[in-house]
Amino acid sequence: MANTQPKVGILMGSDSDLDVMREAERRLDFFGIAFETRIMSAHRTPDIAAKYSATAEKRGLEVIICGAGAAAHLAGAIAANTTLPVIGVPIDSSGLKGLDALLATVQMPAGIPVATMAIGKAGAANAAIFAAQIVGRKDADVAAKLVQFKKEMAANVVERDRKLQSERNQS
Ligand code: RP5
C-alpha cells in the first residue's frame with residue numbers, strides 16, 4: 001500500500017527469498033495492512049539489520065516478519081534490537097530444504113522470542129495472518145477482515161467437499 005505509514009516490516013535475507021515472501025505481501029494486501037519490504041542480512045549486512053530493528057518502533061512499525069534460509073539468523077538478529085513482535089519464516093533455499101533455517105529460527109535462547117512459522121510459502125502466508133492478528137487487536141477493520149477470512153476459508157472447504165461428494169455419487 002503506497003503512501004501509507006507501514007505497520008509491518010517484511011524483511012528477507014536475499015532477493016532469492018522474494019518468491020516465498022511475496023505470499024506474505026499478498027496476504028497483508030488482502031487485510032489492508034500497509035507494509036514495507038526490505039532485503040537485509042544478519043550476516044552480509046549486520047549493521048543495516050541492527051539499525052533497522054533499533055529504529056523500527058519509532059518509525060511506527062508494529063510487527064516485523066523475517067524470512068531467511070540456510071543458517072537463518074535474520075529473525076533472531078532483528079529480535080535482539082527491538083521489543084516489537086518478530087515473526088520468522090524459514091526459507092527452503094539450501095540443500096537441507098529449509099530444515100536448517102527452521103531450526104536456526106525456532107531455537108532461540110530464552111529472552112529473545114521469535115514466533116516461528118512453517119517452512120516456505122505456507123509459513124509466509126501464516127506470518128502475514130499472524131501479523132494481522134496482532135495489528136487487529138487495535139484495528140477494528142483488520143479484526144473484521146480476519147473473521148471474514150476464516151468464514152470464507154471454511155465455506156471454501158465445505159464447497160470442495162460438496163463437489164467431491166457430488167462427483168462420487170455420480171460414478
Ligand atoms: C540466506 O541465504 C538468504 O535468506 C537466502 O535464503 C540464502 C541464500 O541467499 P543467496 O545466496 O541466494 O543470496 O541468507
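Modeller: Happy to, and keep in mind that this is a predicted model.

Colleague: Which residues does each helix span, and how close do the axes of α5 and α6 come?

Modeller: As for handedness, α5 passes α6 in a left-handed crossing.

Colleague: Which residues make that contact between α5 and α6?

Modeller: From α5 you have I129, A132, Q133 and V135, and they meet V142, L146 and F149 of α6. Sorted by class, this contact of α5 with α6 has six nonpolar residues, one polar residue and no charged ones.

Colleague: OK, what about α1 and α5, at what angle do they pack?

Modeller: Helix α1, residues 18-31, packs with α5 at an angle of about 30 degrees, and the two axes are 8 Å apart. An angle under 35 degrees counts as roughly parallel, so α1 is roughly parallel to α5. Here α1 passes α5 in a right-handed crossing.

Colleague: And who touches whom there?

Modeller: On the α1 side the contact is made by D19, V20, M21, E23, A24, R27, L28 and F31. The α5 side brings K121, A124, A125, A128, I129, A131 and A132.

Colleague: How many charged residues are in the contact of α1 with α5?

Modeller: Four, alongside 11 nonpolar residues and no polar ones.

Colleague: Switching topic: which residues are around the ligand?

Modeller: You'll find G13, S14, S16, D17, R44, A68, G69 and S93 around the ligand.

Colleague: Which polar side-chain atoms lie by the oxygen atoms of the ligand, and at what distances?

Modeller: A polar atom in the S14 side chain lies 2.6 Å from a ligand oxygen. For S16, a side-chain N or O atom is 2.7 Å from an oxygen atom of the ligand. For R44, the distance from a side-chain N or O atom to a ligand oxygen is 2.8 Å.

Colleague: Nice. Zooming out, how many helices and strands are in the protein chain?

Modeller: Six helices and five strands. Starting at the N terminus, the elements run β-α-β-α-β-α-β-α-β-α-α.

Colleague: And what does the C-alpha trace span along its principal axes?

Modeller: About 65 × 40 × 30 Å for the protein chain.

Conventions
Residues are numbered from 1 along each chain as its sequence is written. This is a predicted model: local features need pLDDT of at least 70, side-chain atom pairs count only at pLDDT 80 or more; totals for chains, interfaces and linings use all residues. Side-chain values use heavy atoms; hydrogens and water are left out. A crossing is left-handed if the near helix is turned anticlockwise from the far one by less than a right angle, and right-handed if clockwise. Helices (H or I, at least four residues) and strands (E, at least two) are DSSP runs, numbered from the N terminus. Contact means heavy atoms within 4.5 Å. Ala, Val, Leu, Ile, Met, Phe, Trp, Tyr, Cys and Pro count as nonpolar, Asp, Glu, Lys and Arg as charged, and the others, Gly among them, as polar. A residue is near a molecule or strand if one of its heavy atoms lies within 4 Å of it. A polar contact is a pair of N or O atoms within 3.5 Å; within protein, one must be able to donate a hydrogen and the other to accept it, and residues adjacent in sequence count only if both atoms are side-chain atoms. Axes are lines fitted to C-alpha atoms, for helices over the stretch in contact, and angles run from 0 to 180 degrees between N-to-C directions. Angles under 35 degrees count as roughly parallel, over 145 as roughly antiparallel, 65 to 115 as roughly perpendicular and the rest as oblique.
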